[in-house]
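Have the sequence and the 3D view at hand as you read.

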2 protein chains.
Amino acid sequence: MALWTKDTQVLIVGLGLMGGSYARALKKQGFHVTAITRSQSSIDYALAEGFIDRGYTEVSEESVSSADAVIFSLYPGALLPWIEAHQHLFKPGVKITDVTGVKTCVVYDIQRILRKDVEFIGAHPMAGKETSGVESSDERIFAKANYIVVPTEQNTAEGIAWCKELGTLLGVRKISELSPEEHDEMIGFVSQLTHCIAVCLMTCKDNEHLVDYTGDSFHDLTRIARINDRMWSELFLLNREALLEQMDLFMEEFKDLRAMLEAGDVDGMRGKMQLSTKRRSLFDR
Amino acid sequence: MALWTKDTQVLIVGLGLMGGSYARALKKQGFHVTAITRSQSSIDYALAEGFIDRGYTEVSEESVSSADAVIFSLYPGALLPWIEAHQHLFKPGVKITDVTGVKTCVVYDIQRILRKDVEFIGAHPMAGKETSGVESSDERIFAKANYIVVPTEQNTAEGIAWCKELGTLLGVRKISELSPEEHDEMIGFVSQLTHCIAVCLMTCKDNEHLVDYTGDSFHDLTRIARINDRMWSELFLLNREALLEQMDLFMEEFKDLRAMLEAGDVDGMRGKMQLSTKRRSLFDR
């Protein structure tokens, strides 16, 4: 039995890049989509583009109580206060998920305060763009994305299945399951650490005069250095311990390579390069 | 007056990825191309593909003395010994260039020992691939490349013009001029440092189980982690001082960001991200 049916009413809270992309994908699937977001111009844009049916700039009973499925696409710090303030408006049995890029600090707190007749299942669609805002939204960002469902012991089998089905509806490449802790260590390494590195490559040296000399390598390593500073600084702080650990791992290795270079240890450097080459080849499937 | 004419006989010493790509490009332009390289199978391949006219596994008078233009595409350490051993075979007036990715340690030594009736003008085509060998050669790698001519006070205006004309014949995107020292600082930053970072990202953590979770960010930052360990360790050592300096610049910045994260200094982190975003936007022309 499909958990999502053509009658499922979807509410998206926060209509930016991700919220807008969810709205586009779900509207294409034929769902009725309502959005709550601060800016009237975002609502006007989404209505004009036809990927939401209704939009509200304020939380009201009318805007919340008809939803069967709620997707939070807010900055991480805004999620818990929203639920504390407005959860009395939820229809009993509603299922809720999010798109937050950090999990340990979000999932447990929400599940602890949430009404017992509704269920929150955390999820992280590993999709994005360098640009933000609803005008950048695009349902095609999901086609190459890993979609990670992050359940806890509080979740039901039905809730987890519902959340995975949402991934299928979005058209993601792969759906998987991790615990909040596993998720945060992984994301600290593959996403947050890489953003730290890209930023530092751009800020460590006045490199504007180097524009003419940068080849593919420098371009690749700094593409993500164009960054939403408000969102990423918040995500870094929310995952502080895990990210500090990944930064230290990287820094120790980098110091090690530096010492080899200083000492003229060719075999040591070649050993690292060989390991790197072997591991990286697994990623080019 | 064109310095390269249809009668110019080209000799390529070292028929690997770069030498093969030069041969392909120059053969397409109608030049007579001779190659000297160690492996008979590389010669057989290039002859069968039709991008050289003659190939030799040994240096001989016949193979060298007919050349008007010589392009060295050897490992950096092999260049000076080759010239010391065989420069008596050069035709008077021959012009010589190279493809070496480091310059200070190569250019001055060659010019010091070189016969006074021939001219060496260093060049660095910033093109490449993750794979090596003549079978990977492809003249299309030049279309997006920066081609840097690296003259010294020893060079003549004609020699420099000849070397730039070679860049035009290869079809590069942009031709520029730097001193050997400027070149090596620049390449230490935009190319060697980025390769150090990519390698360390792959070696600092056993990440094979993360294949399923890596998105575009991690893929971009580690594409160049598949690396020719013999060539790159040699290039790193030949540019040791400049590269150590760039590694230290990066490491100080990375430590600084780490300290901000540990201290919860949101404004500091956002400041770095804003600078990074501003600078990186210049690179997306």
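This is a predicted model: local features need pLDDT of at least 70, side-chain atom pairs count only at pLDDT 80 or more; totals for chains, interfaces and linings use all residues.

Which residue is the bridge partner of Tyr147(B) in β9(B)? The partner of Tyr147(B) there is Ile175(B). Strands β8 (residues 146-150) and β9 (residues 174-177) of chain B run parallel and are joined by four bridges. To get from β8(B) to β9(B), the chain passes through helix α6 (residues 157-170) of chain B, and the β-α-β crossover it makes is right-handed.

**Chain A in outline**

Turning to chain A, we find 11 helices and nine strands. The chain has 285 residues, of which 50% count as buried. Its C-alpha trace spans about 70 × 45 × 35 Å along the principal axes. Of the contacts in chain A between residues at least 6 apart in sequence, 71% link residues at least 24 apart.

In chain A, strand β8 (residues 146-150) has five of its five residues buried, so the strand is largely enclosed by the rest of the structure. Both of its faces are covered: one carries Asn146(A), Ile148(A) and Val150(A), the other Tyr147(A) and Val149(A), and all of these are buried.

Two strands pair with β8(A), as these lines of the story show. On one hand, strand β7 (residues 122-126) of chain A runs antiparallel to β8(A) and is joined to it by five bridges. Within that pairing, Pro125(A) stands opposite Tyr147(A). On the other hand, strand β9 (residues 174-177) of chain A pairs with β8(A) in the parallel sense, over four bridges. Here Ser176(A) in β9(A) is the bridge partner of Ile148(A).

Val149(A) deserves a stop of its own. This residue lies in strand β8 of chain A and is buried, with 23 other C-beta atoms within 10 Å. Leaving aside residues up to four places away in sequence, Val149(A) touches Ile121(A), Ala123(A), Ile160(A), Cys163(A), Lys164(A), Ile175(A) and Glu177(A). Val149(A) and Pro180(A), 31 residues apart in sequence, have C-alpha atoms 9.3 Å apart in space.

| Helix | Residues | Length | Reach, first to last C-alpha | Expected reach |
|---|---|---|---|---|
| α1(A) | 17-28 | 12 residues | 17 Å | 16 Å |
| α10(A) | 240-263 | 24 residues | 34 Å | 34 Å |

Helix α1(A) is mostly covered, with 10 of its 12 residues buried. Among the buried ones are Leu17(A), Met18(A), Tyr22(A), Arg24(A) and Leu26(A). Their cover includes β1 (9-13), β2 (32-36), α2 (40-49), β4 (69-72) and α6 of chain A. Just after α1(A), Gly30(A) takes a positive phi of about 95°.

For helix α10(A), the buried residues are Ala242(A), Leu243(A), Gln246(A), Met247(A), Phe250(A), Glu253(A), Phe254(A), Leu257(A) and Leu261(A). What covers them comes from both chains: it includes α7 (180-203), α9 (229-238) and α11 (266-281) of chain A, along with α7 (180-203), α9 (229-238) and α10 (240-263) of chain B. Just past the end of α10(A), Gly264(A) has a positive phi of about 70°.

**Where the chains meet**

How many residues does each chain bring to the contact? Chain A gives 72 residues and chain B gives 72 residues. On the side of chain A that touches chain B, β9, α7, α8 (216-222), α9, α10 and α11 each supply at least two residues. That side is made up of 37 nonpolar, 18 polar and 17 charged residues.

Key: Residues are numbered from 1 along each chain as its sequence is written. Chains are lettered from A and ligands numbered from 1 in the order in which they are written. A residue is buried if 20 or more other C-beta atoms lie within 10 Å of its own, exposed if 12 or fewer, and partly exposed in between; C-beta atoms are placed from the backbone. Two strands pair if DSSP finds at least two bridges between them. Two residues are in contact if their C-beta atoms, placed from the backbone, lie within 7 Å. The expected span of a helix is 1.5 Å times one less than its number of residues. Ala, Val, Leu, Ile, Met, Phe, Trp, Tyr, Cys and Pro count as nonpolar, Asp, Glu, Lys and Arg as charged, and the others, Gly among them, as polar. A crossover is right-handed if, with the strands pointing away from the viewer, the path from the first strand over the helix to the second runs clockwise.
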